[in-house]
Amino acid sequence: MKNIYRLLIVIPFLFSCTKREYTGPKLHVEYNESGALIEVLPDDMFERAFTNKIDSIYYIGDDTCTACQKLKPQLSAWCETKKGAIYYIPVNSITSENEHYIIDSTVGYYCWEDKKVVPTVYFFMQGEVILAGDSSNTMKFLIEKVDVNTGDLN
C-alpha cells in the first residue's frame, strides 16, 4: 500500500514541465532587416513556431517589470546587431481568449500554463520549446546557440 502512495506522489512530477539542458544544434532564426523586436499576438507563436515548425524566438514581457526592463534592451541590441527576428508578446496583450495559443505551443517542457512569469523567452526548434529563457540565461543562449538565416547560400 505504501508503494501505491509513493507512486501517486511521483507520477505528477514525471509528467510536469521540467527544465533540461539543451546541447543540440543551433537554432536558425529568420532574418529581420528592421533590427527591432517584432510585436505580435500569441496566435503568431502558435502558427509560426508550433504549427509551421519554424525556428523562432518569442519574448513575453511587461514594460513595468524590472527584470523585463533590463532584458528587453539586451534583446533589442541583439536584434539590431545580428538582424535576427525576436517576436515580442506584451503580457497585457494576453487575454483569456488568446492565452490558449501560448499554452498549446509550450505544452510539455517549459509550459507557460504552470509558470506565467515574465520575462520569459521561448526558443522553438522544429515545433518544440528547447529552452524557456529568463533574464539570467537568455543572452548566453542567444550568443552561443542561435544563428540568423540571411538567405545566403555560402
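Contact means heavy atoms within 4.5 Å of each other. Helices (H or I, at least four residues) and strands (E, at least two residues) are DSSP runs, numbered from the N terminus. The views show a predicted model, in which local features need pLDDT of at least 70 and side-chain atom pairs count only at pLDDT 80 or more, whereas totals for chains, interfaces and linings use all residues. Residues are numbered from 1 along each chain as its sequence is written, and side-chain values use heavy atoms, with hydrogens and water left out.

View 1. Thr 138, Met 139, Phe 141, Leu 142 and Lys 145 are the buried residues of H6; buried denotes under 20% relative accessible area, exposed over 50%, and partly exposed in between (1.4 Å probe, protein chains only). Their cover includes strands E1, E3 (56-61), E5 (120-125), E6 (128-133) and E7, together with helix H3 (66-82).

**View 2. The salt bridge between Lys 140 and Glu 144.** A salt bridge is a side-chain nitrogen of Lys or Arg within 4 Å of a carboxyl oxygen of Asp or Glu. In this pair the closest N and O atoms are 3.7 Å apart. About one helical turn separates Lys 140 from Glu 144, because they are four residues apart in helix H6 (residues 138-145). Lys 140 is exposed, at 54% relative accessible area, while Glu 144 is partly exposed at 40%.

**View 3. The salt bridge between Lys 26 and Asp 147.** The closest N and O atoms of this pair are 3.7 Å apart. Lys 26 belongs to the loop between helix H1 (2-14) and strand E1 (27-30), and Asp 147 to strand E7 (residues 146-149), so the bridge ties together parts 121 residues apart in sequence. Both partners are partly exposed: Lys 26 has a relative accessible area of 33%, and Asp 147 has one of 30%.

**View 4. The network of Glu 30, Asp 44 and Arg 48.** Salt bridges link these three residues in a network. Within it, Asp 44 pairs with Arg 48, with 3.4 Å between the closest N and O atoms. Asp 44 and Arg 48 lie four residues apart in helix H2 (residues 42-51), about one turn of the helix. In the whole structure, six salt bridges are found.

**View 5. Model confidence and residues 5-16.** The protein chain has an average pLDDT (the predictor's confidence in each residue, from 0 to 100) of 87, and 84% of the residues score at least 70. Over residues 5-16 the pLDDT is below 50, and this stretch has one contact in the model beyond near neighbours in sequence. Where pLDDT is low, the predicted coordinates should not be read in detail.
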